[in-house]
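The points are grouped by topic and may be read alongside the sequence.

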Amino acid sequence: MKKIKILNKSFSKPMSCLTAYSPSIANILDGKIDLILVGDSLGSTLYGMKNTQGVTMEMMINHGAAVNKVIKRSLKVLDMPYKTYDNKMDAYKNAKKLLIHCKPDLLKIEISKKKLVILKHLVDKKINVISHIGVTPQSYNNFNKIKIFGKTVKERKNLLKLAQESEKLGAKAVLLECITADTAKLITENISIPTIGIGASKFCDGQVLVFDDLINLSTGDKKLRFVKNYFNFNKIAGNAVRKYNREVKLKKFPSIKFTFN
Ligand code: KIV
């Protein structure tokens, strides 16, 4: 699968991407999907933060390095955390740290018009970058305020421009988050690097989801419309825990089979 060099649009089928923050999950995903993202969504998903703004370089390095050890086949993508790429110098210094410790194939940064200069700087330094546009979670203190982008002509025009600029400056792909279907289609058809969507319709060259959402491992906050649970881990794990608890109380566990003589 690594033969898919660094992302191009000539795949015969859409690319698949999921998040992994730990080696055990990365091990399940490796080779079964095209890209594995160590996303800063780990802030809310793993650390119980109310947004991604508290995610640090140390967290990304720890999780990125641990995940890196087990990924052999899928491409590895790592998020640069909030405020670590506010200016060119910080961006390059922090990008280098992440590359040294976690060895990702690509770094992902959240892009606004102002951040295009950072994208260019990292590309000039020969770093593979994914440009994340639309809903950019790092700009939200409160996730309840997140809205869908691309509904108005102005938003559509701005997003297309941002995607085209990202391509022109050398981004390897554009990640579209929470964007209307017609805007995603417009962008996908008008850039030659791949689009990867989350809540951005089927009109993208690839799809990404948070793994915990895929298996319903989340803490029970409201489910977003674009999330599909493929497996109900919460329910199955809950049953296993209840069974274990019952067996402990009844002294059925540990039985002889699980006892050293
Ligand atoms: O951090 C993350 O998991 C992401 C996805 C929402 C694409 O950026």
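Leu217, Tyr230, Phe231, Phe233 and Ile236 together make a nonpolar surface patch of about 470 Å². The model is a predicted one, and its protein is divided into domain 1, covering residues 4–230, and domain 2, covering residues 233–261.

**Surface patch and domains**

- Phe233, one of the residues of the nonpolar patch, lies in helix α9, which spans residues 233–249.
- Phe233 counts as partly exposed because its relative accessible area is 32%, and exposed would require over 50%.
- The C-alpha centres of domain 1 and domain 2 are 39 Å apart.

**Salt bridges**

- The count of salt bridges comes to nine.
- Lys185 forms a salt bridge with Glu189, with 3.1 Å between the closest N and O atoms.
- Lys185 and Glu189 are separated by about one helical turn because they stand four residues apart in helix α7 (residues 181–190).
- Lys185 is partly exposed at 33% relative accessibility, whereas Glu189 is exposed at 54%.
- Glu155 and Lys147 meet through their side chains in a salt bridge with an N to O distance of 2.5 Å.
- Glu155 is buried, with a relative accessible area of 16%, while Lys147 is partly exposed at 38%.
- A network of salt bridges links Lys83, Asp86 and Lys115.

**The buried face of helix α7**

- Thr183, Ala184, Ile187 and Thr188 are buried in α7.
- Viewed down the axis of α7, these buried residues fall within an arc of 130°, so they line one face of the helix.
- The packing partners of the buried residues of α7 are α6 (153–169), β6 (173–177) and β7 (195–198).

**Residues in loops**

- Pro81 is placed in the loop between β3 (75–79) and α4 (88–102).
- Pro81 is buried, since its relative accessible area is 0% and the limit for buried is under 20%.
- Apart from neighbours within four places in sequence, Pro81 is in contact with Val55, Thr56, Met57, Met60, Leu98 and Gln138.
- Pro81 and Gln53 are separated by 28 residues in sequence and by 7.6 Å in space, C-alpha to C-alpha.
- Thr136 occupies the loop between β5 (129–134) and α6, and its relative accessibility of 12% makes it buried.
- Beyond its neighbours within four places in sequence, Thr136 is in contact with Glu110 and Ile111.
- Gly48 sits in the loop between α2 (42–45) and α3 (57–68), where it counts as exposed at 63% relative accessibility.
- Gly48 and Lys257 are 209 residues apart along the chain, and 38 Å separates their C-alpha atoms.

**Backbone features**

- Most residues other than glycine have a negative phi, and most peptide bonds are trans.
- Lys103 has a positive phi of about 50° although it is not a glycine, and its place is in the loop between α4 and β4 (106–110).
- Asn216, a residue other than glycine, likewise has a positive phi, near 55°.
- Asn216 lies in the loop between α8 (211–214) and α9, and it counts as buried at 18% relative accessibility.
- Phe253 and Pro254 are joined by a cis peptide bond, with omega about 0°.
- Pro254 belongs to the segment after α9.

Definitions and conventions. Residues are numbered from 1 along each chain as its sequence is written. This is a predicted model: local features need pLDDT of at least 70, side-chain atom pairs count only at pLDDT 80 or more; totals for chains, interfaces and linings use all residues. Side-chain values use heavy atoms; hydrogens and water are left out. Patches are made of residues with over 30% relative accessible area and no salt bridge: like charges are joined within 9 Å, nonpolar side chains (Val, Leu, Ile, Met, Phe, Trp, Tyr) within 5 Å. Accessible areas come from the Shrake-Rupley method with a 1.4 Å probe; for residues, only the protein chains shown count as cover. A salt bridge is a side-chain nitrogen of Lys or Arg within 4 Å of a carboxyl oxygen of Asp or Glu. Helices (H or I, at least four residues) and strands (E, at least two) are DSSP runs, numbered from the N terminus. Buried means under 20% relative accessible area, exposed over 50%, partly exposed in between (1.4 Å probe, protein chains only). Domain bounds come from an automatic or database domain assignment. The arc is that of the directions from the helix axis to the C-beta atoms. Contact means heavy atoms within 4.5 Å.
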